[in-house]
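Hi,

Here is the structure we talked about, handed over below.

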Amino acid sequence: MSIVLWVILVHVIEVIGILGFLLVRKNNKLEQVVSSQQQYIDAISIIIQDSENTIKELDSRGAFESDDEVGTFFKNLKQIQDVLNSFNTRKD
């Protein structure tokens, strides 16, 4: 009877080992996905920051304050930039 228990115990340990290996492998793949997504988010945040700096520079010059179509477009562009700023993860 004890041999049967040993065989069952060995198989249970094998199954646990295989499941552990599969979980570690899956975890590594998910870490790679997270790392890739973080790099993407960082790149987008840099673009958002650069565009905010450019818009602030243009706005400080006052070149687009007129009531024509360009001024209206610039005003709308500033509103879009304000929304984008809420998604910026890089707060310099």
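Is K78 buried, partly exposed or exposed? K78 is partly exposed, with a relative accessible area of 28%. (Buried means under 20% relative accessible area, exposed over 50%, and partly exposed in between, with a 1.4 Å probe and protein chains only.)

Before the rest, some housekeeping. This is a predicted model, where local features need pLDDT of at least 70 and side-chain atom pairs count only at pLDDT 80 or more, while totals for chains, interfaces and linings use all residues. Residues are numbered from 1 along each chain as its sequence is written, and side-chain values use heavy atoms, with hydrogens and water left out.

**The helices**

Helices here are DSSP runs (H or I, at least four residues), numbered from the N terminus; strands would be E runs of at least two.

α1 has 60 residues, and from its first C-alpha to its last it reaches 87 Å, close to the 88 Å expected at 1.5 Å a residue. The expected span is 1.5 Å times one less than the number of residues in the helix. Just after α1, G62 takes a positive phi of about 75 degrees.

**How they pack**

In α2, the buried residues are G71, F74, Q81 and N85. Looking down the axis of α2, these buried residues fall within an arc of 70 degrees, so they line one face of the helix. (The arc is that of the directions from the helix axis to the C-beta atoms.) On the other side of α2, E69, F73 and V83 are exposed.

Over in α1, the buried residues are S45, I48, Q49, E52 and I55, and they pack against α2. One of them, E52, touches Q81 and N85, not counting residues up to four places away in sequence. E52 has a relative accessible area of 14%.

V33, which lies in helix α1, is 41 residues from F74 in sequence and 37 Å from F74 in space, C-alpha to C-alpha. V33 counts as partly exposed at 41% relative accessibility. I47, also placed in helix α1, is 26 residues from F21 in sequence and 40 Å from F21 in space, again C-alpha to C-alpha. I47 is exposed, at a relative accessible area of 55%.

**Salt bridges**

How many salt bridges does the structure hold? There are three, counting a side-chain nitrogen of Lys or Arg within 4 Å of a carboxyl oxygen of Asp or Glu.

- K78 and D59 meet through their side chains at 3.2 Å, N to O. K78 lies in helix α2 and D59 in helix α1, so the pair ties together parts that are 19 residues apart in sequence. D59 is partly exposed, with a relative accessible area of 30%.
- K56 and E52 meet at 3.4 Å, N to O. The two are four residues apart in helix α1, separated by about one helical turn. K56 is exposed at 53% relative accessible area, whereas E52 is buried.
- E57 and R61 meet at 2.5 Å, N to O. This pair also sits four residues apart in helix α1, about one helical turn. E57 counts as partly exposed at 43% relative accessibility, and R61 is exposed at 56%.

As a reminder, an α-helix has 3.6 residues a turn, so residues three or four places apart point the same way.

**A nonpolar patch**

Which residues form a nonpolar patch on the surface? F73, L77, I80, V83, L84 and F87 do, with about 590 Å² of accessible area together. Areas come from the Shrake-Rupley method with a 1.4 Å probe, and for residues only the protein chains shown count as cover. Patch members have over 30% relative accessible area and no salt bridge; nonpolar side chains (Val, Leu, Ile, Met, Phe, Trp, Tyr) are joined within 5 Å, and like charges within 9 Å.

Cheers

Methods: Contact means heavy atoms within 4.5 Å.
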